[in-house]
Structures are given as C-alpha cells and as structure tokens.
Amino acid sequence: MIFLAIFILCALIAISGICVVNTLSFPRLRQASPARWRSVSLLVPARNEARVIGKTIRNLLQQDYPDYEVVLLDDDSTDGTLEIARQAAQGDQRFRPLSGLPLPDGWTGKNWACHQLAQAAQGEVLVFTDADVHWQPAALRSLMALMERTHADAVTVWPAQHTVTWAERLVVPTMTYAIMAYLPELGVRYIPLPAFAAANGQCLAFHRQAYERSGGHAAVRSKVVEDVALARAAKRAGMRLVMALGQGMISARMYTNWQKVRDGFAKSILEGHGGTLLLCLSALLHWLIFVYPWAWLALGGGWSKADHDAWLGWPLMPLAMIALGVGVRLLSAAATRHRLEDSFWMPVSVVLLTLIAVQSLWWHYRYGGPQWKGRRIAASVPRQVEGKPRER
C-alpha cells in the first residue's frame, strides 16, 4: 500500500509539473496581423450539419483578412446542409460549395472529404476547420500571425469548448486537460520526434508545401484519429508543429447531450490510446489518481494504526493526492477557459470516460469499428483513387 501511495503521489506531481509549464509556455491566439498576407483556403468538411452550418459559413465570411476563400464539401448530407450553406453565403464570391464523390474503400469519411478539399483549394495555406467551429472576425489574421511568428509549418488550435449539459461539462474538458497535463508543449514545438505530436482536427492549418510533403490526408486515409496521425506525419517529414489555445477567438460546441458525447469520444478513444491494452491501463491509472484518493479518505481503511499516524498515512496522504488532482484540473480549466467548479467532479468524469471506453471496445469487438453519422468506421485495404469533387 505504501508503494502504491508513493506511485500515485509521484504521478500527480509529474502531471502537475507538466501542466504548470504548459500553462506558461502554451501559445495563445491574440489580436495580431502577419507581415505577409498569404492566400488562405478555409476548408470545411460537412455531413448533416444543417443545425450549425449557416452560422458557421457567415462567421467564416466575416474574417477581416484580405485574401482567402471558404470551400465547403458536402459529404452526402441528407438534411439540406449544402443548400443552407449556399443561402448563408448570399452569393459571396469567396465561397465555393462542392459536392463530394462517393466514399472509396480504405478511407474514413472525414479524411476523404478533407482530401478532396485540399485538391480543390487554391490558397498557399490550407486551414481545415470543422462545421461546428465558431471563428471571431480577427481569428484568421491572428492565426496567420501566430504561424508566422513561430515559423510553423503546421499549427493546430485547441478551440475554447462551450459546454452546457452536465455530460458536456464533465467529459469535453478532459480533452484539453489531457494535452495540458500529459504532453509538454515545448516538446511538441521543438523536439522532432513523432511521439511529441498532437493535433485537433477542429482547426488544423498547413502551409501547402508542408501538407503535400507530409502526405496529406491520403497518408492517413484509414485513421479515425486523423489529426494526430497528420501531426506525426508532419514531424516525420521534418516539419515544425505548433499547438495553440483558441482563447475564445476560435471556439466550438462539440456535442449537446450524453449520447452524442459518449459516441463522439468513443469513436476515437481506442485508436487515440493505441489499442485495448493501453486504453485499459489509462483507465486504471485515472481511477488510481483521481478516484482512489477520495475512496481512501472516505473509508480510511487498508492501513495500520502506525501508518495512520505517519505522513504517508490517512488522512494526510489522501488529502495531498486530492489537492494535487483538483489543483491540476483547476489549472488546466483556467488555462483553457472552462468552468473551474467542474474540476471538483473529476472522479465522476473518470467514471464517464470509463463508460465511453467500454462503448468503444464494444463497437470494436462486436462490429469491427466505431459507428458515426450512419457509417461504420473500419480500416480496410486502401486503394488509390483519382478524381475531384463536383463543384456546385
């Protein structure tokens, strides 16, 4: 028991140290303009996004940037997404709607859509952004200024996440928490190893040459977690990758209820962890560092009377663990603009993430892959496909 307590305490100290350094070093989007106004293609893959696409297109067309286009590819939507987008654009010549080609074998839907968008893009810089991401008017020029200032070949932005329901509040922030607490941002920026790579497909920008040199979406065609795979491919190609926080200039509301939260995270959690074993080990680690200390404090069991009086015993040790766990979650919440009070519910977040992991494993072993937007996502033998999307 003593060794377990020491392990948990050391893990929490390490996590806290990474989070402190990341909070200080992480680049933020801020009001700025680049020295050179490169042409930009804002690329939006969309499948059944009628609820949000009108607002998204209007926001993208309000960017105070002199040279850009907005290209939307409709991925076989059945809810009128393409028509709503065209109406929102109101004939703006910077907007180009495309109708996607059928999904070929060996590709996931989003990767195929992004591949077609890249083929159709005319800009020097390619910015892939999801249909539910909200851009403030100064966001694009601020992103380009950051890209220029950091000499980045690729920039990924972690949008500020709007959360409303309890399911959103307890699960969605764990995505940015993981980046703030487990992955040194300075390592991503300066260490040229694929292990130091992460990305968020909600906003991912490439210089065109960097995108093509890394192989683009064709190189990761079967990947569910394509954003991280793209980041690793960029690292392998010798590209500089920079992560940044959106700071409210780029924001999103990913999901709206528990079922969508569960399915959205279950879609990627298994591949994101690299397989069943690592996913199970991750779940165990989170139960140990975020749930076990609360149970130990409440029950006070498993220790001798002498241990209870020692600094390694109850209640000082579980209180120290709880303080570190809540503290690191508070710090990540403050840095990424989430509700501070939700940090005290981290044990519940761990329980919900475990249910999500179970859902992902069920999909994997029962159906061969996750279910998402009416499709079963499963890797198959890829084949080369030529062709361009149809312009509408």
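Two strands pair if DSSP finds at least two bridges between them. Helices (H or I, at least four residues) and strands (E, at least two) are DSSP runs, numbered from the N terminus. The model is predicted: local features need pLDDT of at least 70, side-chain atom pairs count only at pLDDT 80 or more, and totals for chains, interfaces and linings use all residues. Residues are numbered from 1 along each chain as its sequence is written, and side-chain values use heavy atoms, without hydrogens or water.

**Stop 1: strand E8**

Select residues 203–207, strand E8. Find Ala205, the bridge partner of Val127. Next, show E6. E6 and E8 are also antiparallel, with three bridges. Here Val155 stands opposite Ala205.

Strands of a sheet pair through backbone hydrogen bonds, either parallel or antiparallel.

Are the residues of E8 buried or exposed? Buried means under 20% relative accessible area, exposed over 50%, and partly exposed in between (1.4 Å probe, protein chains only). Five of the five residues of E8 are buried, so the strand is largely enclosed by the rest of the structure. Show the side chains. Cys203, Ala205 and His207 point one way, while Leu204 and Phe206 point the other way. In a regular strand the side chains alternate between the two faces of the sheet.

**Stop 2: an open sheet**

Select E5, E10 and E7. These three strands form an open sheet in the order E5-E10-E7, with mixed pairing. Strand E5 (133–135) and strand E7 (160–161) stand at the edges, each with a single partner strand, so one side of each has no neighbour in the sheet. Zoom in on E7 and strand E10 (residues 250–252): they pair in the parallel sense over two bridges. Ala160 has Ser251 in E10 as its bridge partner.

**Stop 3: two loop residues with positive phi**

Most residues other than glycine have a negative phi, and most peptide bonds are trans. Go to Gln247, in the loop between strand E9 (241–245) and E10. Its phi is positive, about 55 degrees, although Gln247 is not a glycine. Gln247 is buried, with a relative accessible area of 19%.

Now pick His151, in the loop between helix H5 (139–149) and strand E6 (154–158). The phi of His151 is near 55 degrees, a positive value in a residue other than glycine. At 61% relative accessibility, His151 counts as exposed.

**Stop 4: helix H7 and Tyr177**

From His151, jump to Tyr177. The two are 26 residues apart along the chain, and their C-alpha atoms are separated by 26 Å. Tyr177 is found in helix H7. Select the whole helix, residues 173–182: eight of its 10 residues are buried. Among them are Pro173, Met175, Ile179 and Met180.

Tyr177 counts as buried at 2% relative accessibility. What is Tyr177 in contact with, leaving aside its neighbours within four places in sequence? Contact means heavy atoms within 4.5 Å. The list is Ile15, Tyr182, Phe290, Val328, Arg329, Ser332 and Met346.

Arg329 leads on to Ser343, which also touches Val326, Leu330 and Ala333, not counting residues up to four places away in sequence. Ser343 lies in the loop between helix H14 (316–336) and H15. At 1% relative accessibility, Ser343 counts as buried.

**Stop 5**

Two packed helices are described by the angle between their axes and the distance between the axes. Axes are lines fitted to C-alpha atoms, for helices over the stretch in contact, and angles run from 0 to 180 degrees between N-to-C directions.

Select helix H12 (residues 276–299) and helix H15 (residues 346–367): their axes come within 9 Å and cross at roughly 160 degrees. That makes H12 roughly antiparallel to H15 (angles over 145 degrees count as such). Show the side chains where they meet. H12 brings residues including Trp287, Phe290 and Trp294, and H15 brings residues including Met346, Leu361 and Tyr365. The contact divides into 12 nonpolar, three polar and no charged residues. Ala, Val, Leu, Ile, Met, Phe, Trp, Tyr, Cys and Pro count as nonpolar, Asp, Glu, Lys and Arg as charged, and the others, Gly among them, as polar.

**Stop 6: helices H2 and H3**

End at helix H2 (residues 53–60) and helix H3 (residues 81–89), whose axes come within 8 Å and cross at roughly 35 degrees. Ile53, Gly54, Ile57 and Arg58 of H2 make the contact with Thr81, Ile84, Ala85, Ala88 and Ala89 of H3. By class, that contact has six nonpolar, two polar and one charged residues.

How values were computed
Angles under 35 degrees count as roughly parallel, over 145 as roughly antiparallel, 65 to 115 as roughly perpendicular and the rest as oblique.
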